[in-house]
Amino acid sequence: TAVHHHRRGGGGGHHEIACLKFEGNKLDKKDVFGKSDPFYELARQNPDGSFTTVYRSETIERTLNPRWRQHEINVKRLCDGNPTQPILFSCYDHDDDGSHDFIGYFTTTLSQLRDRANAAATIFELINPAKRGKKRKKEIYTHSGQVKMVECRVEKTYSFLDYIMGGLQLNCTIAIDFTGSNGDPQTPRSLHYIGAAEGNHYQQAWNSIGNIVQDYDSDKLFPAFGFGAALPPHGQVSFAFPLNGDDDNPSCAGVSGVMEAYKNALRTVGLSGPTNCAPMIRHVSRQAVAAAQSRTAQNYYILLILTDGQFTDIYECIGAIVEAADYPMSIIIIGVGNADFSDMERLDADKKALQFDGGKSSRDIVQFVPMKNFTNSLSSLPAAVLAELPRQVEEYYRKRRITPLQNLLRGHLATPPPQRLSGNPAGHSTSYEVTYS
């Protein structure tokens, strides 16, 4: 059987996902000095009879009875939307050098998986053709272990655009780093220097992102805060102060309103520290908690953090992020300057879910982008910064089975935003490239 590894993005309009969970039982032992480290792959059959790998599970170490986690996959990606198209399940023992040992396979279809789930006939035998017909310990070979299908369900889903056109509002709060490591704003070398004709990096980042996000927010009012500054008159350090100085109404009108408040704040506060950001995360998450109570796709919150260094309170930030993942909220962090941002990569949990105090984040809600990667191509910054947002919005509402607002379901679509918000995160089957004229 020929299997070709191919990463691709499926087109829009396919609104079904398959939720699958498998377990292995008594798999063949492949390691001489220990048990196997099994993982599996799912592959879709092509018109020429070959197979294209569309999903690889995590590896479960040192066991012959793996319990793989549930995963979701777009039905279009899994089987071209055809429930009778063959699907190849292949199981391997992981080797660090990439020469994974084949354990066995079986073929099925999405239709068969669903039928078996309903009939409780959930056991599949893994077959290794090289062993078929051979004796093992004086016994005729039957199989190389069994795979139990624990769950198979297909759900209708909605795209990010469905929610937006149904009336979902993206509420963006901006938080700007006012710590001393940015440098004296009066000097050209400062990251907060206002004299640059093209604007400093903070201004450039906000202008490029804000001009897109504002088209998904009907009132175009942005709560804008600073953190790490010493406030007059006594120099008390604050980690969530309104840039406009109004504690009761920190919102600024439009992108330009945020920039005016930012420049005024630079004239009145002192740069200080440390770089604590957990208070800002918790501030916005409280609003997301309130929005979640309605169980409608009406308000989704975005916290945009612009910072020149790693968070001093990284442990508290992880705890706040893990809590916020249960609510309609995403966090975007833009690293300004040339500092070491390795801890920020840790917060952007694309490969491993964040954990805090024994709990695990229910979803990945953080996107980190170092601005220095876009010094010569600032126009590409918004696409990188907003790449994961559509998926994060979809995932939150899908897991809670929350559909777009009624005006979409009744056929009365909201006016689409005039800007483009696109994202195609690696490894995901959904792509967005929505352009309005």
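Guide: Helices (H or I, at least four residues) and strands (E, at least two) are DSSP runs, numbered from the N terminus. This is a predicted model, in which local features need pLDDT of at least 70, side-chain atom pairs count only at pLDDT 80 or more, and totals for chains, interfaces and linings use all residues. Residues are numbered from 1 along each chain as its sequence is written, and side-chain values use heavy atoms, with hydrogens and water left out.

Visitor: Where is Thr275 found?
Guide: Thr275 sits in the loop between β18 (270-271) and α6 (278-292).

Visitor: Is Thr275 buried or exposed?
Guide: Thr275 is buried, at a relative accessible area of 9%. Buried means under 20%, exposed over 50% and partly exposed in between, with a 1.4 Å probe and protein chains only.

Visitor: What is Thr275 in contact with?
Guide: Contact means heavy atoms within 4.5 Å. Neighbours within four places in sequence aside, the contacts of Thr275 include Asp177, Phe227 and Gln310.

Visitor: New topic: at what angle do the axes of α4 and α5 cross?
Guide: The axes of α4 (residues 201-213) and α5 (residues 254-268) cross at roughly 160° and come within 10 Å. Axes are lines fitted to C-alpha atoms, for helices over the stretch in contact, and angles run from 0 to 180 degrees between N-to-C directions.

Visitor: Which residues meet there?
Guide: Among them are Tyr202 and Trp206 in α4, and Val255 and Tyr262 in α5.

Visitor: Which residues touch the most other members of the largest nonpolar core?
Guide: Phe178 and Trp206 do, in a core of 52 residues. α5 gives the most to this core, with 7 residues. A nonpolar core is a set of buried Ala, Val, Leu, Ile, Met, Phe, Trp, Tyr and Cys residues joined through side-chain atoms within 4.5 Å.
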